[in-house]
Amino acid sequence: MDPGAFSTLIDLAQPTKPPLDFAWAHDPPELNLAAQEWLPPRIWVASWHTRRAVYGPQLAELGYHSVYAKSGVPQGHTITLWEK
């Protein structure tokens with residue numbers, strides 16, 4: 001893995017940047033996206049298949065739409081790109 005490849009990404013669910021050993025936090029805190037001061041026009045979301053969706057419904061409510069999704073193994077995750 002190339003940690004530098006993720007250096008420009010902003011993790012909206014982390015107030016401070018954790019040590020990067022993976023592309024996203026394993027157990028990120030749930031975030032109320034509507035309460036954020038600023039959201040970028042493009043947001044990547046990694047969601048586990050075994051957990052309820054948290055950010056997809058919030059992003060749709062805020063006017064974002066999914067433009068790309070790629071799923072992994074059944075017990076894995078889906079990566080979705082949302083754009084406004």
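**Exercise 1. Determine which residues are in contact with Thr80, leaving aside its neighbours within four places in sequence.**

Solution. Thr80 is in contact with Ile43, Trp44, Val45, Ser66, Tyr68 and Ala69 once neighbours within four places in sequence are set aside, where contact means heavy atoms within 4.5 Å. The structure is a predicted model, in which local features need pLDDT of at least 70 and side-chain atom pairs count only at pLDDT 80 or more, while totals for chains, interfaces and linings use all residues. Residues are numbered from 1 along each chain as its sequence is written, and side-chain values use heavy atoms, with hydrogens and water left out.

Strands (E, at least two residues) and helices (H or I, at least four) are DSSP runs, numbered from the N terminus. Thr80 counts as buried because its relative accessibility is 11%, given that buried means under 20% relative accessible area, exposed over 50%, and partly exposed in between (1.4 Å probe, protein chains only).

**Exercise 2. State how far apart Val45 and Thr80 are in sequence and in space.**

Solution. Val45 lies in strand S1. Val45 and Thr80 are separated by 35 residues in sequence and by 5.2 Å in space, C-alpha to C-alpha. Val45 is buried, as its relative accessibility is 11%. Beyond its neighbours within four places in sequence, Val45 is in contact with residues including Tyr55, Leu59 and Trp82.

**Exercise 3. Describe the aromatic pair and why it ties together separate parts of the sequence.**

Solution. The criterion pairs rings of Phe, Tyr and Trp (its six-membered ring) if their centres lie within 6.5 Å; planes under 30 degrees apart count as stacked, over 60 as edge-to-face and the rest as tilted. By this rule the chain has one aromatic pair. The partners are Trp44 and Tyr68, at 6.1 Å centre to centre with 75° between the planes, which is edge-to-face. Trp44 lies in strand S1 (residues 42-48) and Tyr68 in strand S2, so the pair ties together parts 24 residues apart in sequence.

Trp44 is partly exposed because its relative accessible area is 47%. Tyr68 is likewise partly exposed, at 41% relative accessibility.

**Exercise 4. Identify the residues that make the nonpolar surface patch.**

Solution. Patches are made of residues with over 30% relative accessible area and no salt bridge; like charges are joined within 9 Å, and nonpolar side chains (Val, Leu, Ile, Met, Phe, Trp, Tyr) within 5 Å. Trp44, Val67 and Tyr68 make a nonpolar patch of about 310 Å². Accessible areas come from the Shrake-Rupley method with a 1.4 Å probe, and for residues only the protein chains shown count as cover. Val67 lies in strand S2 (residues 65-71) and is partly exposed, with a relative accessible area of 42%.

Notes
Salt bridge = Lys/Arg side-chain N within 4 Å of Asp/Glu carboxyl O.
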